[in-house]
Amino acid sequence: MKKEMVLPRSFQSSFFEKMGGEQQFLMLIDQLPDVEYFAKDKDGRFVAASKKTLHRIGMKREEELLGEFDSAIHPPNVARAIRSMISK
């Protein structure tokens, strides 16, 4: 899939605005530092990730992952398998 050019935080804010706001969700997750999580939009792009998840995949800032697809962090065969599971 072709990645459209968007600002990472704008992409994230737009996603959470459709759900009624991001503050409550992000505040809850920030209180759980040992929990690994991520969230994606309906197209499979990352919209949020915990610090623990970022550490595991070798990223320092959430902005590095926002708007990306699985192919940004997984080998092509793994990314295809994930996408095929989601599209079922």
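Modeller: Let's settle one term before we start: a salt bridge is a side-chain nitrogen of Lys or Arg within 4 Å of a carboxyl oxygen of Asp or Glu. Mind that this is a predicted model, where local features need pLDDT of at least 70 and side-chain atom pairs count only at pLDDT 80 or more, while totals for chains, interfaces and linings use all residues. Residues are numbered from 1 along each chain as its sequence is written, and side-chain values use heavy atoms, with hydrogens and water left out.

Colleague: Which residue does Glu62 meet in a salt bridge?

Modeller: Glu62 is buried at 12% relative accessible area (buried means under 20%, exposed over 50%, partly exposed in between, with a 1.4 Å probe and protein chains only). Glu62 sits in the loop between α3 and α4 and its partner in helix α1, so the pair ties together parts 53 residues apart in sequence. Helices (H or I, at least four residues) and strands (E, at least two) are DSSP runs, numbered from the N terminus. The N to O distance is 2.7 Å, and the partner is Arg9.

Colleague: Which residues join Glu62 in one network of salt bridges?

Modeller: Glu63 and Arg61 meet in a salt bridge too, at 3.6 Å, N to O. Glu63 is partly exposed, at 24% relative accessibility. Salt bridges that share partners put Glu62 in one network with Arg9, Arg61 and Glu63.

Colleague: How many residues apart are Glu36 and Arg56?

Modeller: Their closest N and O atoms are 2.3 Å apart, in a salt bridge. Glu36 is partly exposed at 37%, whereas Arg56 counts as exposed at 52%. Glu36 is in the loop between α2 and β1 (38-40) and Arg56 in helix α3, so far as sequence goes a separation of 20 residues.

Colleague: Within what arc do the buried residues of α1 fall?

Modeller: The buried residues there are Phe11, Gln12, Phe15 and Phe16, while Glu17 and Lys18 are exposed on the other side. An α-helix has 3.6 residues a turn, so residues three or four places apart point the same way. Taking directions from the helix axis to the C-beta atoms, the buried residues of α1 line one face, because they fall within an arc of 125 degrees.

Colleague: What about Asp70: which side chain does it join in a polar contact?

Modeller: Asp70 is in the loop between α3 (51-57) and α4 (76-86), and it counts as buried at 2% relative accessibility. Leaving out residues up to four places away in sequence, Asp70 touches (heavy atoms within 4.5 Å) several residues, among them Gly44, Phe46 and Arg83. A polar contact is a pair of N or O atoms within 3.5 Å; within protein, one must be able to donate a hydrogen and the other to accept it, and residues adjacent in sequence count only if both atoms are side-chain atoms. At 2.5 Å, the side chain in question is that of Lys40.
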